[in-house]
Amino acid sequence: MPTFSAVKSASTPRTPSPDRAPRRPERHDRAPAPAVYAVSDLHVRYPANRAFVARLRPRTDHDWLIVAGDVGEFAADVEWALRTLADRFHTVVWAPGNHELWTPPTDPVQLRGEQRYLHLVALCRRLGVVTPEDPWPVWRGEGGPVAIVPLHLLYDHTLLPAGTATTEEALARARAADIVSTDEVHLHTDPYPGVADWCRARVELTERRLAALDPELPTVLVNHFPLTAHPTRTLHHPEFALWCGARRTAHWHRRYHALAVVYGHLHIPRTHFVDGVRCEEVSVGYPREWRARGEQPPAPRRILPFAPADDEPAPAAYEPATAAAEPATVTDEPTPVPLTPAPGADEPATAPPGAAA
Ligand SMILES: [Fe+2]
Ligand SMILES: [Fe+2]
């Protein structure tokens with residue numbers, strides 16, 4: 001039974017062996033069932049977050065992990081994190097965040113825009129990590145079959161804050177209020193004139209691939225940015241919605257038969273439903289953010305099989321920190337390296353208390 005189904009791809013990635021397909025153990029062995037988990041916004045430039053990744057472990061040999069972007073800004077950091085996770089999880093599926101697409105001036109990899117993205121895709125293929133450019137894998141464990149669909153869509157400044165009618169008006173108001181994403185400095189879009197042009201090309205390319213999917217096969221859509229505007233309504237700075245997605249994807253959860261939508265970017269981890277479709281914001285976020293919510297970063301969220309609220313609690317493919325497991329290099333933020341996102345200058349991480357359910 002093949003684990004992967006080639007849907008439509010211009011290339012052939014390295015894929016796990018078909019004979020490693022997840023199988024539910026017999027009940028009498030009491031082992032946990034293989035599952036698909038998701039996490040995003042690992043931001044491993046922060047030592048505390050890097051330590052979190054260093055101790056992430058699957059619960060079974062057949063667990064999958066979705067990594068929905070913002071692993072880090074430096075190519076070497078992205079490689080370290082994805083290699084660490086790919087060595088442990090049966091399958092790792094990655095969708096790029098805006099931070100991976102930055103070109104930090106001190107990164108030895110100075111590729112920009114699409115070339116940087118393709119460099120990361122090539123890196124993922126060496127690691128056996130599934131990217132948006134690869135055949136979309138089909139989860140055939142409990143809750144399957146379901147196509148796991150990583151997306152690279154960006155944003156196009158069409159999610160307008162209330163009280164504005166056009167992108168131009170909204171951007172002007174945001175800039176006047178000095179509420180602008182750091183992407184404006186570090187995210188290059190070559191060869192596209194701007195991020196909206198790159199986003200448009202990605203949306204059109206992806207729609208063609210999605211149209212080729214078997215309509216009987218449900219999906220888990222994975223994108224760094226939310227597919228609908230709903231989650232941006234809880235932003236502390238509503239202007240940041242301009243850097244958080246595109247109106248053109250607002251119906252994708254219905255059109256492409258989504259069982260769930262996985263996203264990050266907002267740093268407001270929560271579960272909510274749009275048109276009855278489960279939407280999971282699975283971000284870890286910056287240490288100052290997750291420490292405001294608890295002693296540990298949020299564990300990866302189980303996506304499949306879906307556990308209703310009255311079922312077992314999220315099992316967390318994650319070993320809680322212990323004194324012995326905590327690397328000695330763990331320090332508090334901010335990490336003393338260049339290009340640390342300044343507080344309040346990155347994604348809208350300042351949701352009002354209670355916004356992150
Ligand atoms: Fe992030
Ligand atoms: Fe982000």
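Before anything on packing, I noted the contact rule: two residues touch if their C-beta atoms, placed from the backbone, lie within 7 Å. My helices (H or I, at least four residues) and strands (E, at least two) are DSSP runs, numbered from the N terminus.

Ground rules next. This is a predicted model, where local features need pLDDT of at least 70, side-chain atom pairs count only at pLDDT 80 or more, and totals for chains, interfaces and linings use all residues. Residues are numbered from 1 along each chain as its sequence is written, while chains are lettered from A and ligands numbered from 1 in the order in which they are written.

I found an open sheet of 4 strands in the order 3-2-1-10, with mixed pairing; strands pair if DSSP finds at least two bridges between them. Strand 3 (91-94) and strand 10 (301-304) are the edges, each pairing on one side only. I then checked strand 1 (residues 36-39) against strand 2 (residues 64-67): they run parallel, with 4 bridges. Val 39 has Val 67 of strand 2 as its bridge partner.

Entry two, helix 3. Which residues of helix 3 are buried? I got Arg 116, Tyr 117, Leu 120 and Cys 124, where buried takes 20 or more other C-beta atoms within 10 Å of a residue's own, again placed from the backbone. And what do they pack against? Helix 2 and strand 3.

Note on methods
Buried ≥ 20, exposed ≤ 12 C-beta atoms within 10 Å, placed from the backbone.
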